[in-house]
Amino acid sequence: MLDSLRRIVQEVNTAASLREVLNIIVARVRSAMDTEVCSVYLREGKEHFALMATEGLRAEAIGKVRLERGEGLVGLVAAREEPLNLDKADSHKAYRYFPETGEEVFSSFLGVPIIHHRQVLGVLVVQETKNRKFDEGEEAFLVTMSAQLAAVIAHAEATGGLAEIGQKAEARFLGVGGAPGVAIGKCVVITPVADLKAVPFAKSDDVDAELQYFYDSIEAVKKDISGLSAQLESHLNKEERILFDAYAGLLDDASVGGEVAERIRSGLSAQYAWSEVILEHVAVFSRMDDPYLRERASDVRDLGARVLAYLQQASPEDKQYPDNTVLVGEELTASNLAEVPVDKLAGIVSIRGSSNSHIAILARSLGIPTVMGAVDLPFTRLEGHEIVVDGYRGAVYSDPSEQVRVHYEEILNEDKQLVASLESIKDLPCETVDKHRVELWVNTGLVADAMLSLERGAEGVGLYRTEIPFMLRERFPSEEEQRVVYREQLSTFAPRMVTMRTLDIGGDKALPYFPISEDNPFLGWRGIRVTLDHPEIFLGQVRAMLKASEGLDNLRIMLPMISNVPELEVALMLIYRAYDEIKDEGYEVKMPPVGVMIEVPAAVYQIDAIADRVDFLSVGSNDLTQYLLAVDRNNPRVADLYHSLHPAVLKALATIAADARAKNTPVSVCGELAGDPAAALLLVGMGYDMLSMNATNLLKVKSVIRAVSSEQIRILLSDVLGLTDAPSVNRRLEEAFKRAGLSRVMRFGSESHFVD
Ligand code: PEP
Ligand code: MG
């Protein structure tokens with residue numbers, strides 16, 4: 001059973017269209033369960049279900065039989081959202097007869113709902129002439145099948161909008177808002193190397209050149225394979241050597257090679273033609289019954305990736321970034337962003353990740369509208385297409401209609417006007433109407449956000465993410481290379497203080513040259529855990545920071561991911577050691593203040609002990625939220641559970657502020673929450689002295705704080721702390737903002753809770 005389940009899902013996953021998905025399902029499920037009928041009904045609109053594929057009922061009925069939710073047996077399964085297993089279907093009171101199906105001969109009926117993200121997408125049905133109830137095992141099989149197929153069907157439905165390559169029709173895809181704002185621009189697709197499924201659809205103007213790339217790549221791979229075969233010669237028996245030859249033989253003109261060449265001649269790019277043909281062959285192999293032949297699918301895939309890698313080298317495209325570039329990719333990195341000239345980058349769409357992934361945080365600090373987790377977007381077909389990115393709602397429109405474009409152009413203009421109107425408060429202090437002063441600092445990492453920060457009137461840097469310069473290289477930067485980068489940051493902001501966080505890699509922040517592969521990366525080797533295990537990296541970094549601060553003395557050092565006191569003590573010991581070394585080497589530097597990020601629940605309960613050992617605390621609310629709520633910040637599937645205004649998070653924040661104040665230790669927030677105008681008010685009410693945020697939100701936060709009194713904040717906070725769930729907190733804040741006439745600013749919040 002498990003084997004047939006796995007095979008069906010595998011096969012369905014390689015299907016090219018929704019129609020093919022459904023046909024595979026009905027054929028394979030019918031044969032695996034040995035029933036006479038298997039059909040799929042899919043939802044049309046909100047309330048109707050239509051027969052979309054069948055094996056066993058009359059084909060003419062496809063698309064004609066339609067039931068309302070609650071109508072007939074299929075409608076009943078959909079309405080009740082649970083299986084219905086009957087030996088005599090026609091004696092059930094909900095039974096409805098559709099003559100065009102020819103189903104009167106089938107007596108037994110088993111229907112299970114197909115549910116994705118709590119929505120009933122359709123109903124999967126098997127029927128038999130025999131008058132019998134399906135047994136428990138059969139029912140469980142169909143339920144399991146349906147649960148596995150739901151995501152594939154949802155994906156195939158969503159991508160169906162662009163089924164015809166090149167056909168330009170508007171399609172909308174949903175993800176989550178990663179950075180607020182709207183962008184209208186042209187897609188530039190970023191694809192990972194040698195990934196067959198991510199090759200963008202492209203045509204070529206020069207068939208001969210493409211053919212040449214192709215044949216050169218084939219030759220290179222053949223050479224590699226024969227080299228490999230020679231190397232292994234003494235270890236291989238005759239059959240295995242024959243296999244090697246057969247493997248290389250696939251590349252010949254008489255085989256796959258010929259098919260690809262033909263498609264290149266018809267005008268496709270070599271890379272696209274190759275990946276298309278290989279994926280078709282992989283699909284054929286994975287469908288085979290013989291387990292040995294099925295395994296060959298992975299050989300073909302491997303061969304495909306090898307040739308593709310050469311093709312990508314042979315025709316290295318010099319990426320062109322048009323005006324209003326919208327970067328689209330499966331998993332974008334900081335270096336992908338850094339490669340685009342700042343004035344050309346209008347928007348970002350990432351297939352993976354969520355609003356608290358680091359790429360989204362970077363996008364927010366640059367003020368680039370972003371949608372994350374657009375899992376259904378057929379991104380490989382979008383190169384050069386026009387696209388609208390709605391970072392407020394987390395929606396993407398490919399090839400937008402005139403109407404949609406005009407609508408978004410209006411929003412874009414309103415946004416520009418609001419930004420311009422906020423300019424006037426740039427040099428005014430951030431204080432409430434009764435003069436309670438709050439400092440607004442910024443989070444930085446890229447060169448571009450430092451400039452933006454100064455333009456927006458930042459009073460210091462509350463978080464400089466040092467991992468970003470590490471990510472933009474091909475090896476660890478040397479101490480001197482780091483010193484130069486840190487010096488630039490410190491002198492750009494001097495005399496304002498700059499809080500440099502020690503290297504915080506792991507989780508979703510990978511260094512290309514230092515891969516960390518773990519089952520639970522966010523609970524694994526991250527932040528301080530990595531650097532304490534590699535004191536040479538930690539010491540080198542701290543030494544570079546200290547040297548860079550000479551004569552400026554505006555450095556603060558901050559430690560990420562501290563979860564216990566001994567960790568902190570070892571880190572402090574290393575910092576003192578680095579300081580002594582630097583002094584001995586003749587540098588005139590002051591010992592910088594050292595602080596700790598409170599971002600692990602354990603640290604929340606040890607504020608006293610931590611505060612005794614350091615000069616300041618700063619709450620990393622992004623991680624603190626994920627750890628308190630047990631929601632991976634990078635996983636779009638649970639994105640709607642990641643509530644930074646969850647009452648538990650608010651209580652933790654209030655406790656941290658109170659405990660830090662009791663110790664007279666300055667405390668700030670540097671997570672994304674600080675840049676959310678509504679949340680910022682609550683944080684001020686809790687007693688945070690300083691908020692550090694992305695530069696884009698700084699003036700919005702300032703404008704809100706300047707518009708209210710401490711008393712209003714106090715009332716709002718005590719109101720909100722009495723609520724039991726995040727949606728209620730959001731609603732209460734929304735009402736308060738509406739009453740105060742501040743809703744306009746809220747569309748700019750870092751979270752989309754006030755999107756109208
Ligand atoms: C945080 O966790 O809130 C934080 C500021 O650090 P990062 O987002 O870089 O993990
Ligand atoms: Mg963090």
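**Ground rules**

I'm working with a predicted model, where local features need pLDDT of at least 70, side-chain atom pairs count only at pLDDT 80 or more, and totals for chains, interfaces and linings use all residues. Residues are numbered from 1 along each chain as its sequence is written, chains are lettered from A and ligands numbered from 1 in the order in which they are written, and side-chain values use heavy atoms, with hydrogens and water left out.

**Entry 1: the ligand**

I started with ligand 1 and asked which residues are closest to it. I found 17 residues around ligand 1, and the closest are Arg 465, Arg 501, Gly 620, Asn 622 and Arg 633. Being near, in my notes, takes a heavy atom of the residue within 4 Å of the molecule or strand.

Next I looked up polar contacts, meaning pairs of N or O atoms within 3.5 Å; within protein, one must be able to donate a hydrogen and the other to accept it, and residues adjacent in sequence count only if both atoms are side-chain atoms. The backbone of Asn 622 puts an N or O atom 2.7 Å from an oxygen of ligand 1. From the side chain of His 358, an N or O atom is 3.0 Å from a ligand 1 oxygen. A polar backbone atom of Gly 620 is 3.3 Å from an oxygen of ligand 1. How much of ligand 1 does the protein bury? The answer is 100% of the 290 Å² that ligand 1 exposes when taken alone. Those areas come from the Shrake-Rupley method with a 1.4 Å probe; for residues, only the protein chains shown count as cover.

I also checked the space itself: ligand 1 takes up the second largest cavity. A cavity here is a set of points, on a 1 Å grid over the protein atoms alone, where a 1.4 Å probe fits but cannot get out. To sit in one, a molecule needs more than half of its atoms within 2 Å of the grid points.

Then I sorted the shell around ligand 1 by element. Helix H11 (358-366), strand E16 (461-465) and helix H21 (621-629) each give two or more residues, and H21 gives the most, with three. Helices (H or I, at least four residues) and strands (E, at least two) are DSSP runs, numbered from the N terminus. By class I noted eight charged, five polar and four nonpolar residues in that shell. For those classes, Asp, Glu, Lys and Arg are charged, Ala, Val, Leu, Ile, Met, Phe, Trp, Tyr, Cys and Pro are nonpolar, and the others, Gly among them, are polar.

**Entry 2: H21 and what follows**

Leu 629 belongs to H21. Is Leu 629 buried or exposed? It counts as buried because its relative accessibility is 18%, and buried means under 20%, exposed over 50%, and partly exposed in between (1.4 Å probe, protein chains only).

Ala 630 lies in the loop between H21 and helix H22 (647-662). I logged a positive phi of about 55° for Ala 630, which is not a glycine. Most residues other than glycine have a negative phi, and most peptide bonds are trans. With a relative accessible area of 71%, Ala 630 is exposed.

I placed Asp 399 in the loop between strand E14 (395-398) and helix H12 (402-422). Asp 399 is buried, at 10% relative accessible area.

Ala 494 and Pro 495 are joined by a cis peptide bond, with omega about 5°. The loop holding Pro 495 runs between helix H15 (479-493) and strand E17 (498-501).

**Entry 3: buried places**

I then asked how many residues of helix H24 (residues 695-705) are buried. It turned out to be 11 of the 11, so H24 is largely enclosed by the rest of the structure. Among them are Lys 700 and Lys 702.

Ser 146 is in helix H4 (residues 136-159) and counts as buried at 2% relative accessibility. A polar atom of the Ser 146 side chain is 2.7 Å from the backbone oxygen of Pro 113.

**Entry 4: a loop residue**

Last, I looked at Glu 383, in the loop between strand E12 (370-372) and strand E13 (386-390). Glu 383 is partly exposed, at 33% relative accessible area. Its C-alpha is 6.7 Å from that of Pro 200, although Glu 383 and Pro 200 are 183 residues apart along the chain.

How values were computed
On a 1 Å grid over the protein atoms alone, a cavity is a set of points where a 1.4 Å probe fits but cannot get out, and a pocket is an open set with protein on both sides within 12 Å along at least five of seven lines; lining residues have an atom within 4 Å of a point.
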